[in-house]
Amino acid sequence: MAGNSKEQLLSMRVYNNLQSLGCPLVDGLYLREADSMQELLCSPSLHRTDILKWICASICPSLKEKFSTIKATQNEDLVQELTRFGHEMMLCKANDQDLIKGLAPPLRQLRFLEQLLMVIQTDSSINSNVKNDDLLGELMFQDHLSDLDMLQNPVCNPWSAHIREHLIRTQSAHNKVNGNHSKPSDFINGSDQHSRLGSQGEESLTEAMALLQSTQSTLDELHKECEFLQSHSSSSAAVLSPCALKVAISDMSQLMTAFGHIYNTDFKAYCQRAPPALNSGASVFQSVHQLLHTCNTELEALKQMSETSSSFTQTVQQLQTDKRYWSKGEKHTLPKRLQELKKKYAAFLSLHQS
């Protein structure tokens, strides 16, 4: 059915957001069909470019001056400037000019516009909170405390006798008409109730001021701990621009919401299960592992001993077979030299004994 596709639903949502944000470029259009909204937002046109310029300038007011310096004939410069801004917002690539011109797929264009509008909505909510805080701070200023006390504790001079009588008659007639049987003295004693309410309001005001002061001190401490908020270098400003931080916070919020849904539907049942019981044979496996490790160590030692014995045997054989010693003009091996020494020693012993 028409109007039920994802592109058309998203087109209606983006168009309604533009109207709610007061975009002057959609006033007076009175579009009712989703196809007309999609054609306005996703087809290349001067009107679409003006809407995109308004969105970007609403996020970053300094862009208005840049847009004013770009002439109508310099369309490529305008596209490059919008592409650079989208890339700084981490919503598109640095060379993604088809998205700015309206040549990208409609679904991708609509998601790009929706993300930009989310930043404007976040800015408007933050600005409203800032304005409320400024107004509250102005009311809590020292010079206005006396006026607040006067408003909370109004002082009225005692009425004269004829005014009292007139008020009592007026209140009695009013009660008869409305069927109210309250005493006339209740109307006169209302000032006492207002004074009691004024004292309660003063206590509430004191508590609110104390809460504001504690909150301000906490914010100051957090500001001191956040070093990146105190840096004023151009590199840090480019990396941690307010617009980029807002987009990152929005993405993180969406990811946390998605994770919470998945956790509650899929993971929660598994995370709340009791831990598995350990097998009683774990000590047996541990002892077997230690014995195997010891066996491997002994085998490694035997291997090294075998290699050392083999090397020692080769060295001895080399000493026995190589001719290294001179005797009677000839070079002999070690065994022959030993035999000659034995014979000389035996001859020496026979001569000594004789």
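These legends walk you through several close-up views of one predicted model.

In this predicted model, local features need pLDDT of at least 70 and side-chain atom pairs count only at pLDDT 80 or more, while totals for chains, interfaces and linings use all residues. Residues are numbered from 1 along each chain as its sequence is written, and side-chain values use heavy atoms, with hydrogens and water left out.

**View 1. The whole protein, for orientation.** Helices (H or I, at least four residues) and strands (E, at least two) are DSSP runs, numbered from the N terminus. The protein has 354 residues, of which 21% are buried. Buried means under 20% relative accessible area, exposed means over 50%, and partly exposed lies in between (1.4 Å probe, protein chains only). Among contacts with a separation of 6 or more, 52% join residues 24 or more positions apart; a contact means heavy atoms within 4.5 Å.

**View 2. Confidence along the chain.** The mean pLDDT is 77, and 70% of the residues reach 70 or more. This score is the predictor's confidence in each residue, from 0 to 100. Over residues 232–238 the pLDDT is below 50, and this stretch has 1 contact in the model beyond near neighbours in sequence. Where pLDDT is low, the predicted coordinates should not be read in detail.

View 3. Look closely at Leu18: setting aside neighbours within four places in sequence, Leu18 is in contact with Cys23, Val26, Leu41, Ile51, Trp54, Ile55 and Leu117.

**View 4. Where H1 meets H2.** The two helices pack at an angle of about 75 degrees, with their axes 8 Å apart. H1 and H2 are therefore roughly perpendicular to each other. Axes are lines fitted to C-alpha atoms, for helices over the stretch in contact, and angles run from 0 to 180 degrees between N-to-C directions. Angles under 35 degrees count as roughly parallel, over 145 as roughly antiparallel, 65 to 115 as roughly perpendicular and the rest as oblique. From H1, the contact includes Glu7, Tyr15 and Leu18, and from H2 it includes Ala34, Met37 and Leu41. The residues of this contact divide into 8 nonpolar, 3 polar and 2 charged. In this grouping, Ala, Val, Leu, Ile, Met, Phe, Trp, Tyr, Cys and Pro count as nonpolar, Asp, Glu, Lys and Arg as charged, and the others, Gly among them, as polar.

**View 5. Where H2 meets H3.** The axes of H2 and H3 come within 7 Å and cross at roughly 75 degrees, which makes H2 roughly perpendicular to H3. On the H2 side you will find Leu40, Leu41 and Cys42, which meet His47, Arg48 and Ile51 of H3. This contact is made up of 4 nonpolar residues, 1 polar and 1 charged.

**View 6. Two loop residues with a positive phi.** Most residues other than glycine have a negative phi. Tyr30, in the loop between H1 and H2, has a positive phi of about 55 degrees although it is not a glycine. Tyr30 counts as exposed, at 62% relative accessibility. Met90 sits in the loop between H5 and H6, and its phi is positive too, at about 60 degrees. Met90 is exposed, with a relative accessible area of 53%.

View 7. Neighbours up to four places away in sequence are left out of the contacts named here. Leu10 of helix H1 is buried at a relative accessible area of 5% and is in contact with Leu107, Leu110, Arg111 and Glu114. The C-alpha atoms of Leu10 and Leu107 are separated by 7.9 Å, although the two are 97 residues apart along the chain. Cys243 of helix H13 is also buried, at 14%, and touches Ile59 and Met89. Asp96, in the loop between H5 and H6, is buried at 10% and touches Thr83 and Arg108.
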